[in-house]
There are 2 protein chains.
Amino acid sequence: MPKQFDIRLRVFQEEPAFGKGVAELMELIELKGSLSAAYKEMGMAASKAWKILKRAEADLGFSLVESVSGGKTGGYSKLTEEGKEFLKRYQMFRKEMDQAAKESFLKYFGNQDAT
Amino acid sequence: MPKQFDIRLRVFQEEPAFGKGVAELMELIELKGSLSAAYKEMGMAASKAWKILKRAEADLGFSLVESVSGGKTGGYSKLTEEGKEFLKRYQMFRKEMDQAAKESFLKYFGNQDAT
């Protein structure tokens with residue numbers, strides 16, 4: 001009998017483009033103020049990071065991240081206001097579902113001697 | 001903002017080998033009494049069906065499907081008792097999670113004017 005579960009949660013308009021990967025990328029951008037620092041931390045290629053981010057933005061219909069390039073500091077990236085709000089909702093959705101899954105899994109697979 | 005979600009749920013011992021695909025295959029085997037009828041219905045190659053089934057069995061540590069070959073009827077496939085019980089639990093787990101996700105999604109993404 002199984003002893004663990006895995007849950008994947010994506011939210012989208014038409015194409016399932018936003019999930020754990022983009023969420024983690026955004027969390028790291030928020031933390032580090034840099035897109036390149038974020039994808040490097042994840043061990044992700046620049047082209048892949050760019051692609052998953054742009055795909056999610058295209059599907060959702062708004063920008064998640066804005067980059068300001070140049071200047072003395074060499075530019076930076078940050079979440080847009082809409083991106084911040086969206087990420088917060090996804091994180092709460094995700095957290096609630098993780099908790100629900102833990103309880104459900106225990107209910108259906110946690111007491112296997114009872115069958 | 002997203003208008004829909006997608007949830008993937010896998011249960012396993014060590015490797016995430018059991019999810020929607022094997023569950024659907026098992027449901028169709030139960031319905032049709034035949035592994036080949038089941039994977040054909042899914043538009044799945046025989047080799048793929050065999051592989052996902054055997055991988056799930058290997059990970060879970062018990063047989064999900066038993067096939068009786070030969071005889072006048074040309075053989076058939078059916079779920080093992082353990083497979084039946086396991087599938088039932090997975091279906092209940094899945095159903096409960098689908099319902100929880102609907103409610104959570106509505107909660108976090110359903111009332112976007114409120115922000």
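Start by selecting Thr80(A), and zoom in on its side chain, which reaches the backbone oxygen of Ser63(A) at 2.7 Å. Keep in mind throughout that this is a predicted model.

Thr80(A) is found in the loop between strand E3 (76-79) and helix H4 (81-109) of chain A. Buried or exposed, which is Thr80(A)? Its relative accessibility is 11%, so it counts as buried. To see its surroundings, leave out the neighbours within four places in sequence: Thr80(A) is then in contact with Ser63(A), Leu64(A), Val65(A) and Glu66(A).

Next, zoom out and colour the two chains separately. How many residues does each chain bring to the contact? Chain A gives 34 residues and chain B gives 34 residues. Together the two chains bury about 3,500 Å², with 58% of that on carbon and sulfur atoms. Pick out Met1(B), Arg89(B) and Tyr108(B): these three supply 21% of the area that chain B buries against chain A, more than any other three residues.

One to click on joins Lys3(B) to Glu14(A), where the closest N and O atoms are 2.7 Å apart.

Which elements of chain B give two or more residues to the side that touches chain A? Select strand E1 (4-12) and helix H4 (81-109) of chain B. H4(B) provides the largest share of that side, 15 residues. If you colour the side of chain B that touches chain A by residue type, you get 19 nonpolar, six polar and nine charged residues.

Now bring up the two E1 strands. Strand E1 (residues 4-12) of chain A pairs with E1(B) in the antiparallel sense, over nine bridges.

For the last stop, select Glu57(B), in helix H3 (residues 46-60) of chain B. Glu57(B) has a relative accessible area of 8%, so it is buried. Its side chain makes a polar contact with the side chain of Lys54(B) at 3.0 Å. Setting aside neighbours within four places in sequence, show Phe62(B), Ser63(B), Leu64(B) and Val65(B), which are in contact with Glu57(B).

Technical notes:
Residues are numbered from 1 along each chain as its sequence is written. Chains are lettered from A and ligands numbered from 1 in the order in which they are written. This is a predicted model: local features need pLDDT of at least 70, side-chain atom pairs count only at pLDDT 80 or more; totals for chains, interfaces and linings use all residues. Side-chain values use heavy atoms; hydrogens and water are left out. Helices (H or I, at least four residues) and strands (E, at least two) are DSSP runs, numbered from the N terminus. Buried means under 20% relative accessible area, exposed over 50%, partly exposed in between (1.4 Å probe, protein chains only). A polar contact is a pair of N or O atoms within 3.5 Å; within protein, one must be able to donate a hydrogen and the other to accept it, and residues adjacent in sequence count only if both atoms are side-chain atoms. Contact means heavy atoms within 4.5 Å. Buried area is the accessible area (1.4 Å probe) that two parts lose on being put together, summed over both. A salt bridge is a side-chain nitrogen of Lys or Arg within 4 Å of a carboxyl oxygen of Asp or Glu. Ala, Val, Leu, Ile, Met, Phe, Trp, Tyr, Cys and Pro count as nonpolar, Asp, Glu, Lys and Arg as charged, and the others, Gly among them, as polar. Two strands pair if DSSP finds at least two bridges between them.
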